[in-house]
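This briefing is intended for a reader new to the structure. Please consult the sequence and the model shown here before turning to the points that follow.

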Amino acid sequence: MDLDLRKLRYFVAVAEHRHFGRAAQELFLAQPVLSRQIRAFEQELGSQLFTRTTRSVELTPAGRQLYDEARRITTVVDAALRRVHEVERGEQRLIVAFSPGLHVADAIRTFTASHPTVEIDVFPLRWWEQDAPLRDGRAHVGYLRHPFDDAGLRTVPIGQETKVACLPVTHPLAGRRTLTSADLDGEPILDVRTRRTSSLEEKFELIASGQGIALVPVSVAGSYSRPDLVHLPVTDTLPVETCLAAPESSAAGPVQDFLALATAVLRRSAGDAEKEEVTTRYASSFKITNSPLPMGDRELR
């Protein structure tokens with residue numbers, strides 16, 4: 001069967017609102033019309049997508065699977081249509097994605113100075129999302145952290161970041177200067193495998209309320225600082241690699257020029273950040289070493 005994109009969009013609206021009335025308002029349709037379209041879609045697919053009661057509308061297992069697929073399909077279609085319209089109008093646009101805590105402003109300023117006719121948009125990535133926007137057309141180039149699937153992507157190394165443990169200030173380990181992985185044994189870790197959250201704000205709210213801890217890159221900790229959390233270096237964790245990435249098929253024109261310019265700018269910024277981190281650690285160690293503690297305590301620290 002041929003997939004009816006219009007009905008797929010109707011399905012997505014109902015799935016997101018969990019309510020036919022609100023979905024109909026968003027789509028500028030009468031509710032009975034929308035209900036008929038969804039029933040016809042279910043008949044075409046041969047699958048029930050929603051469980052309907054007088055009070056609620058819930059996705060069936062088949063509906064949840066289609067919703068995951070539909071979001072990718074509609075995103076790819078929308079991106080393709082946008083590119084077609086841009087070509088028709090003779091526009092050049094570059095969409096730069098960036099992971100939380102990473103900053104691309106300096107690179108964009110440098111690029112814009114030499115490419116003033118290219119329109120720039122930025123695309124903030126959700127914390128669990130890395131390469132997907134580069135693959136489905138939502139972004140042309142990304143400033144990302146490993147690990148992610150780099151098959152079909154051109155990647156350019158930029159730098160490294162250390163990880164810190166994010167804990168509530170009331171945690172028994174919160175008073176320590178540094179931690180090791182062994183210190184965290186048995187602690188509930190909030191990550192994509194154990195508890196997927198919709199945003200970093202939600203993750204840090206859960207940590208502050210005592211639901212667990214998280215290991216995050218130091219730039220993320222700095223960008224989401226709050227008084228009820230502490231961030232402690234974990235001395236035996238491997239650093240996180242940062243890089244620029246773009247689809248191999250599109251690494252030409254503005255994308256190629258941006259990669260060349262941004263590489264130099266971001267590597268310089270990453271180097272400055274690493275030097276600042278080393279200096280901060282050295283200063284902290286110096287203060288500890290010269291504190292008025294007994295020799296045994298100084299050695300333990």
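In this predicted model, helix H7 (residues 200-208) lies across strands S7, S8 and S9. The helix runs at about 55° to S7.

- Three strands make up an open sheet with antiparallel pairing, in the order S8-S7-S9.
- Strand S8 (214-217) and strand S9 (229-233) each have a single partner strand and stand at the edges, so one side of each is left without a neighbour in the sheet.
- On average, neighbouring strands of this sheet are turned by 40° against each other, direction ignored.
- Strand S7 (residues 163-168) is joined to S9 by five bridges, and the two run antiparallel.
- Leu-167 has Val-230 in S9 standing opposite.

**The five-stranded sheet**
- Another open sheet is formed by five strands in the order S4-S3-S5-S10-S6, with mixed pairing.
- Its edges are strand S4 (119-124) and strand S6 (153-161); each has a single partner strand, so one side of each lacks a neighbour in the sheet.
- S6 and strand S10 (residues 240-247) run antiparallel and are joined by eight bridges.
- Val-156 has Leu-244 in S10 as its bridge partner.

**Helix H5**
- Helix H5 (residues 105-114) has Ala-107, Ile-108 and Phe-111 as its buried residues.
- Seen down the axis of H5, these buried residues fall within an arc of 95°, so they line one face of the helix.
- Exposed residues Arg-109 and Ala-113 are carried on the face of H5 turned away from its buried side.

Key: Residues numbered from 1 in each chain as written. Predicted model: local features only at pLDDT ≥ 70, side-chain atom pairs only at ≥ 80, totals over all residues. Heavy atoms only, no water. Buried < 20%, exposed > 50% of the residue type's maximum accessible area, 1.4 Å probe, protein only. Helix = DSSP H or I, 4+ residues; strand = E, 2+ residues; numbered from the N terminus. Arc of directions from axis to C-beta. Pairing = 2+ DSSP bridges. Axes fitted to C-alpha atoms, helices over the stretch in contact; angles between N-to-C directions. Contact = heavy atoms within 4.5 Å.
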